[in-house]
Structure formats: structure tokens, C-alpha cells
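Student: Could you walk me through how to read a protein model?
Tutor: Gladly; let's look at it together.

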Amino acid sequence: MTGPYRLLVRAQYVFLSGILIVCTFGQAGALVASSPPSPPLWVGLDDGASLSRSAALKRITLPTLATMIPTLSITTRANGMYENAPLRGDQTGPVKLSSGVSYEDLRPGTSSVDVVEEGKRVNIQWVLKRSNGYLVDSSERNEGVPFIFTVGDPKGAIAGLDEGIRGMRVGGIRRIIIPPELAYVDGVEDGKPGPVPSGFGPKQRIRRVMILLKDIPGESLMLDVKATRVQ
């Protein structure tokens with residue numbers, strides 16, 4: 001490589017490196033200006049230490065990466081049903097019914113008139129898990145569409161939900177533990193008592209519980225529900 005050509009290539013390298021440094025400093029400054037007060041990102045750059053250009057860039061860009069990565073909205077949506085929970089009422093623990101269903105209010109409802117009773121039409125948001133806490137499906141995973149059913153209608157909700165939801169008030173969040181024999185005994189096809197999980201994977205998880213694990217002591221389904229409307 002000839003002398004003049006080598007100088008030209010080196011000049012282009014220096015020029016591009018200068019642009020990178022300016023852009024990095026500008027981006028870091030903008031992030032700091034729009035964020036709550038925190039220790040300067042370039043602390044240590046002026047302490048007299050001799051740093052190479054690559055080391056200086058690492059000192060600036062690496063701390064900013066965490067602030068540049070957006071918070072996953074999936075987590076926010078998944079926790080949306082539990083907003084402000086838990087705030088337990090006066091009950092000291094789960095209530096166990098003679099059928100084997102048990103429930104516990106994570107947050108009592110605030111309405112004095114909108115109570116879930118026989119014949120009422122109810123809208124709920126729901127999260128369905130296995131007894132080991134493994135998530136099966138939820139209304140949030142299905143675009144937040146509520147499950148709507150009439151209490152007492154055998155074609156509406158699975159038996160354990162129909163029994164365990166009674167007495168809830170609008171705004172309340174209740175955790176219902178349902179034994180397999182009061183869950184999806186009619187299957188998980190569309191149109192069966194629900195809430196019916198959507199998609200092959202969630203349906204297979206329920207089939208596994210209902211067919212293979214139903215006789216295992218302690219095996220159950222955990223259904224968290226939030227009553228959003230009672231008519």
C-alpha cells in the first residue's frame with residue numbers, strides 16, 4: 001500500500017471513529033437528560049486514568065444498554081389482572097367446600113350490589129395454572145377477551161368455577177382450586193364449559209391432567225379469576 005493511499009485510509013478511519021464517539025456521547029446525554037437523576041455515566045473518565053478509545057466507549061455504552069432495552073410488555077400484561085393485589089379480607093385462609101373445591105380471595109370486591117349469584121351473567125378475566133404453578137393459559141394471552149357465562153348453567157363454566165365463584169363481588173380477585181373431577185370432564189373443545197384454553201399446547205396440558213394425572217393425590221387446577229361485570 002502506497003504512502004498517500006495509506007494516509008487516506010487512516011484519515012477515513014479516524015473520521016468515522018470520531019462520528020461514532022460523538023453519536024455515543026449524544027445518545028448517552030439524551031438518555032441521562034430524560035431519566036431520573038443517577039451517577040454520571042462517564043464517572044472515571046476524568047480521574048486522570050489513561051484509557052484507550054475502545055475502553056472509553058465501553059465505559060459509556062455498556063451502562064446505557066440496560067436503559068435502552070424496553071421493558072417487555074408481556075410481563076405487564078400478564079400481571080395486569082393482579083393490579084394492586086394481594087389485599088386480603090378478613091378471612092384467615094382458604095375456604096374448602098364439601099365438593100372438594102377450595103377458594104381464597106386475593107382481593108375482595110368493592111361493589112355492594114354486584115354479587116355473583118345463581119342466574120347472574122358474569123364477565124371474568126382469568127389465569128389457569130396447574131397445581132405446581134405451571135401456566136396453562138389466560139385471558140390476557142387471548143387479547144384480554146373476558147370469559148362470559150351464566151352462573152348455574154351447566155353449559156357455561158366448568159363445575160368447579162361455577163361453584164367457587166359464587167359470592168364474589170365486582171373487582172374482586174379469587175383463587176379457586178379445582179379437582180379434576182370438577183374441571184374439564186366434557187373436554188376442551190370449543191363450545192365446551194370454560195374457560196377453554198386456546199391452542200394445541202394449552203389444550204394438551206389440560207388433557208394430560210384430566211387423563212393421566214387425575215388420580216394422583218393433590219393434583220388439581222388453579223384458576224385465578226377477576227370479576228369485571230355482573231348482570
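We go from the overall fold to the core and then to one serine.

Tutor: This is a predicted model, where local features need pLDDT of at least 70, side-chain atom pairs count only at pLDDT 80 or more, and totals for chains, interfaces and linings use all residues. Residues are numbered from 1 along each chain as its sequence is written, and side-chain values use heavy atoms, leaving out hydrogens and water.

Student: How many helices and strands are in the protein chain?
Tutor: Helices (H or I, at least four residues) and strands (E, at least two) are DSSP runs, numbered from the N terminus. Here there are five helices and seven strands, in the order α-α-α-β-β-β-β-β-α-β-α-β.

Student: Which residues have the most contacts inside the largest nonpolar core?
Tutor: In soluble globular proteins, nonpolar side chains tend to be buried together. A nonpolar core is a set of buried Ala, Val, Leu, Ile, Met, Phe, Trp, Tyr and Cys residues joined through side-chain atoms within 4.5 Å; buried means under 20% relative accessible area (1.4 Å probe, protein chains only). In this model the largest one has 32 residues, and Ile124, Phe149, Leu161, Ile165 and Tyr184 have the most contacts inside it. Strand β7 (221–230) is among the elements that each supply at least two core residues; β7 gives the most, with five.

Student: Is Ser138 buried or exposed?
Tutor: Ser138 counts as buried because its relative accessibility is 6%. Ser138 lies in strand β4 (residues 135–138), and its side chain reaches the backbone nitrogen of Arg141 at 3.2 Å.

Terms used. Buried means under 20% relative accessible area, exposed over 50%, partly exposed in between (1.4 Å probe, protein chains only). A polar contact is a pair of N or O atoms within 3.5 Å; within protein, one must be able to donate a hydrogen and the other to accept it, and residues adjacent in sequence count only if both atoms are side-chain atoms.
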